[in-house]
Amino acid sequence: MPQTLALTSELVQQYSIRGQESGVLALMEQRLLDFDLPVERVALEYAQHHLHCADVPVDYATQGSRYNLVSVLNGTSPRPHLVFNGHLDVVPAEPVARWTHPPWCAVERDGWLYGRGVGEMKSGVAAMVMAVVATREADMPLEFPLTLQAVIEGQCTGNGTLACLQQGFGGDFVMIPEPVGPVVTSAQVGVLWFRLVLDGEPAHVLDASAGCNAIEALQAMIPALKSLEGQLNAERQSPYLNVPHPFNLSIGRIEGGNWASTVPSQAWLEGRIAFPPGMAPQTMMARIERCVEQARAMIGMEISDLQVEFHGFRSGGHLVDADSPGIQILEECHHAFTGARPEYHALTCTTDLRAFHVADRISGSCYGPVAERIHGVDERVSIASIEHTLKVYALFLQRWGRLG
């Protein structure tokens, strides 16, 4: 456990927002080597050859410093193959001034560890690595194929994990230490990122009516998107029937104009919307396009060059196979430490679990520490929950080794 907390702290100190992951990757690579674990780099550009690759505005081939780390043990063994997968990238920490402590430091207080990414999901990555290290140091054999994946772009596209799958680093079951707590994932929603761009007509404010305010036109479209969100939630089915509002819309960015005394001529927004398992991303894309066109016809403003673009996450949801051997073992390991069966939880977000399920039909679950304020100010993770996760992972490794 002390080594797990130390590794977590080191990882948090490497502030790894998108495009700035080189420091955390170098640290993780060195620590894997220190633990006598083999390391291989998997370039992000391999994701571009995968059927489910999310569109991005850059060519990964020109970003040689952006890669994933993979450690494979007993790769030629014919026995069931276990994968641990966790992402090292984090979301920005702004506004930094509101944090009690600098977000790129792991600060311990009252049973919690604070810092950006400490919950999502650097403590979980540390736990999955140290469970393997502890097992080997205890001279308990790991004689089955085991792959550790430390990936990037888990926060925005999922292309890091897809690059690993494209290169053949799959398996029979995957465990992901997302900070969902000690629960078994039963389902995940689909997620789509989109961008709306439109032009108005610039004019001097001495006669603002001569122009068309692009920012106001864009704002007028948001109620239509909210209405679409309402429709999706009204249509929800099991396992989301008892979840009050599982399919959430977020207008995450908005920008427009270039001068306070000029009627703005262009504006754009970026949003994220969730949709139910069983609905194809292409179906959700068509619904957004139809929603935007209907809103355009109703706002009564002379806008032009309206564009709907899709970037980043473009992934379907899925249901987890509760009868898979890995899920049964996870239930047993949870019971061994708690005396109770774990709860099943339908996630209202997406994780890299969907890449294994949707892209390669590989079963798995999220099971990890308990975190609060993820993506928010003063993100924190329960230290006791890190220890519980570490123990469950170590026991899982032993019981998985009994298979086939």
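At what angle do the axes of helix 1 (residues 2-13) and helix 2 (residues 22-34) cross? The views below come from a predicted model.

**View 1. Helix 1 packs against helix 2 in a right-handed crossing.** Their axes cross at roughly 155°. They come within 9 Å. Angles over 145 degrees count as roughly antiparallel, so helix 1 is roughly antiparallel to helix 2. The angle between the axes and the distance between them are how two packed helices are described.

**View 2. Residues of helix 1 meet residues of helix 2.** Helix 1 brings L7, E10 and L11 to the contact. Helix 2 answers with V24, L27, M28 and R31. By class, 5 of the contact residues are nonpolar and 2 are charged. No polar residue takes part.

**View 3. The structure holds 1 cavity of 30 Å³ or more.**

**View 4. The largest pocket has a volume of about 1100 Å³.** Its lining counts 31 residues. Nearest the centre of the largest pocket lie V91, Q155, W193, F313 and H375. Four strands each supply at least two lining residues: strand 9 (190-199), strand 10 (249-256), strand 11 (266-275) and strand 12 (304-315). The lining divides into 12 nonpolar, 11 polar and 8 charged residues.

**View 5. The second largest pocket holds about 260 Å³ of space.** This pocket is lined by 16 residues. H52, C53, R314, S315 and G316 lie nearest its centre. Helix 6 (281-299), strand 12 and helix 8 (353-360) are the elements that give two or more residues to the lining. Helix 8 provides the largest share, with 4 residues. By class, the lining has 9 nonpolar, 5 polar and 2 charged residues. Strand 12 ties this view to the previous one: strand 12 supplies at least two residues to the lining of the largest pocket, and strand 12 gives two or more to the lining of the second largest pocket.

Terms used: Residues numbered from 1 in each chain as written. Predicted model: local features only at pLDDT ≥ 70, side-chain atom pairs only at ≥ 80, totals over all residues. Heavy atoms only, no water. Axes fitted to C-alpha atoms, helices over the stretch in contact; angles between N-to-C directions. Parallel < 35°, antiparallel > 145°, perpendicular 65-115°, else oblique. Left-handed = near helix turned anticlockwise from the far one by under 90°. Contact = heavy atoms within 4.5 Å. Nonpolar A, V, L, I, M, F, W, Y, C, P; charged D, E, K, R; others polar. 1 Å grid on protein atoms, 1.4 Å probe; cavity = no way out; pocket = protein on both sides within 12 Å on 5 of 7 lines; lining within 4 Å. Points joined across faces, edges and corners; volume = space filled by probe spheres on them.
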